[in-house]
Amino acid sequence: MKLPLSWLKSHVALTDDVATIATHLVRLGHEVEGVEEPRSAVKGVRVGHIIEKKPHPDADKLSLLKVEIGDKQPLTIVCGASNMGEGDKVPVATIGTTLPNGLVIKQGKIRGETSFGMCCSEVELGLADESAGLLILPGDAPVGAEVGELLGLEEAVFDLSITPNRGDCMSVRGLARDLAADSGLELADISIDPVPADSSIALPHISIAAVDGCPLYLGRRIEGVKVSDSPAWIQARLIAAGQRPVNGVVDVLNMIMLDLGQPMHAFDTDSLNGAVSIRITSGGESFEALDGRKLTLPEGDLVVADESAVIALAGIMGSEPSGVTGTTVNIMLESAFFKPAKVSETRRHHGMVSEASMRFERGVDPAMVAVAMEQATTLILETFGGRAGAVSVSGSAGGINAKEPLTFDFSRIEKRLGIEVPESTDAVLSRMGFGVSRSQGKMRVSIPGHRHDVSIPEDISEEYARVIGFDAVPECLPPLATTKPAAVDHSIDYAVADGFVQAISYAFISEAEQRMFSPDDGNDILLENPISEAMAVMRRSGWPGLLGIARHNMNRQQPGVMLVEQGRSYEKNGDGHRENNIMAWLMCGEIQSDQWHTTVRSADFFDMKGAVESWLASNGLTARFMANDDVQGLQAGQSADLFIGKSVVGRIGKVDAAIADHYDIDASVFVAEINLDVLPEGKKAKFQPLPEFPGVERDLVFLFDRTDRVEAILQAVRKAGGNLLTDARVFDRYVGQGVPDGKVSLGVRFTLQDAKRTLTQKDSDGVSAAIVAAMEKIFNAPLRG
Amino acid sequence: MSQIAVMEQQLDAIKEEAKKAFKNASDLSQLDQERVKYLGKKGALTEVLKGVGKLSPEDRPAIGKIVNKVKDDLDRTFKISQAVMKDKLGLLRIEAERVDVTMPGRVTSRGYKHPVQNGLDELTAIFTQMGFDIAQGPEIEDEFHNFDALNIPPEHPARAMHDTFFLKEFTDRPMVLRTHTSPVQIRAMQRFLKEGNEPPLAVVAPGRVYRCDYDMTHSPMFHQVEVFKVDRDVSLANLKGVLKHFLSAYFGKELPIRLRPSYFPFTEPSAEVDIGCVLCDGKGCRVCKQTGWIEVLGSGMIHPNVLKSVGIDSDTYSGFAFGLGVERMVMLKQGIPDLRLFFENDVRFLGRMGS
């Protein structure tokens, strides 16, 4: 919300400088997002009167204007806007002016015609981010006057962010009340004599059918109004507050809303049919809103209606046909209290927001309903003429937002804040409208009608806190409270130690990506309102995300990547859903870089497997890798399930070439994923003394069938090796010359060790012989020469 | 010439010959051969000693002495020759093994933690050191935990301001992606009470959150850390103490903090927290928009309605809570200008900014 300083000062005679006022506003809880300082930047922009408008001889979209700016000669100006006509008054930036955007106005030729200045829109004057053409100034603006002065641009404007609990501060009056209370200055008296009613004008027939939504509704007819542009001072206020003038009546009502926080509306009575009622819709009625939208109203909307149609969504927006235009003569003013919950509900039915709805939703001051009516009537009669009838009052202001006074121990406030609150602070709350009394530590506070946000003692503690200032509260560490040792998750650290770079990708992916690795079995969880199709469904695997990241990096000259992600996967699970904590890996391309001492090597299945085994080992776990040709998205023959005990804890394999292709990755891609939630507790390392006696290593090379599994071979070696054998592994694998087709040469290295003695040649010969015999017997595998 | 004199002469000759041989040996093995030749069990000296038996008993001690002297002398000479030769060979070897120390070292590829993960870990560690327990919660949340229990009823304007992602109906109640980590407050308190505990309860809850907002400065997924404590007489002063301590610990320097009254439905009073700008030390720069202050998080005293929603008596207990955006903290600490870099996952960025 924009708060012009002069407007603020019309309610409270502040003498502090702009920066000090800003500080007070912040302390009171009104965030100052910016202060627009006096705009000397628009000096040189003057009121121009268009006396002639001709098309540019050489350009369809340009006009050639003669503009009077109070000098001897009118200026010739080339202009690209189209919304102005002869007789309009517009801002003219004269030669030498520097506009807020830095543009310096110079004499220049545009398509052969010389232009001696520039006509400006709100954008060029720095008043708005967009505009629909030139800013048309009020008809009574004096020709040649500085536009900055005319529009009040010379003064400071605070740009405030009003928190949603403070509906009462969505007005100049409300902010002035906070500042006046805080500073001890008087708040200006805005009471106004009621406008005497012209008895010839009938009282409007108004009835409230929805008391729950509207406890108070004031209506008044004004007849014989001549709607014209509003006077310069009103337009200046609106523009300074960031609003665009519309027409005289609407401008007056908008200004009063900004001033008092009470939204008002005016209906063209000639367009109304019969009595007006405030009621709840039963569904099916049509409504054409002022913003041009055509709606069919559902059941339960709070509306204002005449006998044939809905004429307003109460507190949100009027209807197009009943709206006030330049030709309107007879109007009915509305000033009402619409209840926040009902306005909010109706607004949400239609996804609409308006200045009015924002205020009603947050709660307006019931005491202002009548004040606003009198002020608006007075201003309209003064400015546009006409005769006003009496005010029809339905309902009453009494009882709206009335709450029982709060009573509590004052120590409660001091304990919550951790500071002593001097009794002198009570006076500030009183000036804000609270009724405050203290006696013997007991506190009694009555809450004013405009404070919809206050209902419990803690709310009062906040009032004290902002009056005293949060800065006055000391910094005081509480005692330590913990009970448990911190359980730290090292999952990522282990993978990083193996050379992987941690990635973090979005939890939502496209449905096409989901289908790469997960079946279309109805277990997807879809977003109702995704950002885009690419982020429409909750991922069931970490792989699509990692593939996208691999592509990003491979496209940027990375020869290879090793990625790991820890996150969640999401899927439906019967009637409910499941979030799995997962680890996902991806390797592709060169994983050993080109260095002077090594050669380049690209990732293969066993790099991925080694990484997963290493990670599992870090967690005290080992898994069995069981070939599975049917893992969706992985290449048959290079994919496996990871088993720990009888349960599958993960998957590993080579990504189908077609999928890698889809990601433009021109390399084999290997992935793995583990579900952390199903991992058993790992073995905790137990102390074992280091061996005192040396071990013996032996190598044996056998010729196996290609179909023999290493897992089975090593198992047999271990069995044959007996108690002395402490380790057995494959140290060499060879296929090629000298090895018959269908065969593979495997070198097995085993270690023998005894805790009590040094082993002899005889020991190792014995074990070797046993292993040779076992290989021969089980696999028919001869020892290779 | 007496027998002794002859032997003496022989010994002298052997000594001179051996010394020359030691000196002229071309390598260590030849030197050793020479040693064996003169000093070995069957060497020249031993040969001479064999002749001692022919001497008269009274002459034997004298010649024994001489032989020993020659032996000692030769031993010493041998050792010196050996040392000299070793030195010489050593120098040759050292020269042969000389490397160019400016050649690049062998690099084994190393991994990096994501900078956001670092931020999460650092922040969480600060709070666990301060006695807060870690808690987690689901990312797919019901509206009760994400909104209602946090004092944000359906018609509340703040609810509309949350840019909530809704999930297509698949359970009996509407589900959302949590818009903040505050629902963990509710879940942690519920769990804590269910286990039969009574406050104090102090929790830090790191996690991912989601908002339907995607532009230069907003990511639809980001990370928050929620921190809260409930006990008897927890005060706003305690909140300020914890904030001051943790912010200084995270940024590694004593930072001024400033609380500005604000509004969150789940706290009362509520405050936005600013820190003195970490880039310009409060002098005013582009990042702090010349104000010297940077807004870092929202905080407040837990609203009695929130305590009530889980069944904690707000007359007896009070609490503070705050939630902070991890990406923002990391950006400030590491001078990262663009939020989107975190989710682009360019390994060059991750390698530079991660650890």
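This is a predicted model: local features need pLDDT of at least 70, side-chain atom pairs count only at pLDDT 80 or more; totals for chains, interfaces and linings use all residues.
Residues are numbered from 1 along each chain as its sequence is written, chains are lettered from A and ligands numbered from 1 in the order in which they are written, and side-chain values use heavy atoms, with hydrogens and water left out.

View 1. Chain B is divided into domain 1 (3-96) and domain 2 (115-343), with bounds that come from an automatic or database domain assignment. The centres of these two domains of chain B, taken over C-alpha atoms, are separated by 88 Å. The domains of chain A include domain 3 (206-395) and domain 5 (491-678), and 59 Å separate the centres of this pair, again taken over C-alpha atoms.

**View 2. The interface of chain B and chain A.** The contact (heavy atoms within 4.5 Å) takes 90 residues from chain B and 86 residues from chain A. Together the chains bury about 7300 Å², of which 59% is on carbon and sulfur atoms; buried area here is the accessible area, found with a 1.4 Å probe, that two parts lose on being put together, summed over both. Four salt bridges cross the interface, a salt bridge being a side-chain nitrogen of Lys or Arg within 4 Å of a carboxyl oxygen of Asp or Glu. Asp315(B) forms a salt bridge with Arg412(A), and their closest N and O atoms are 2.5 Å apart. On the side of chain B that touches chain A, helix H9 (residues 236-251) gives the most, with eight residues; helices are DSSP runs of H or I with at least four residues, and strands are runs of E with at least two, numbered from the N terminus.

**View 3. A buried salt bridge in chain A.** The side chains of Glu565(A) and Arg539(A) meet in a salt bridge at 3.2 Å, N to O. Glu565(A) lies in strand S28 and Arg539(A) in the loop between strand S27 (537-538) and H15, so the pair ties together parts of chain A that are 26 residues apart in sequence. Glu565(A) counts as buried at 2% relative accessibility, and Arg539(A) is buried at 1%, where buried means under 20% relative accessible area, exposed over 50% and partly exposed in between (1.4 Å probe, protein chains only).

**View 4. Two salt bridges within chain B.** Arg173(B) forms a salt bridge with Asp142(B), with the closest N and O atoms 2.6 Å apart. Arg173(B) is partly exposed, with a relative accessible area of 40%, whereas Asp142(B) is buried at 6%. In helix H4 (residues 60-96) of chain B, Arg76(B) and Asp73(B) lie three residues apart, about one turn of the helix, and form a salt bridge with closest N and O atoms 3.5 Å apart.

**View 5. Cis peptide bonds in chain B.** A cis peptide bond with omega of about 15° joins Pro199(B) and Pro200(B), and Pro200(B) is placed in the loop between helix H8 (182-194) and strand S4 (201-210). A cis peptide bond also joins Glu268(B) and Pro269(B), with omega of about -10°, and Pro269(B) is found in strand S7 (residues 267-276).
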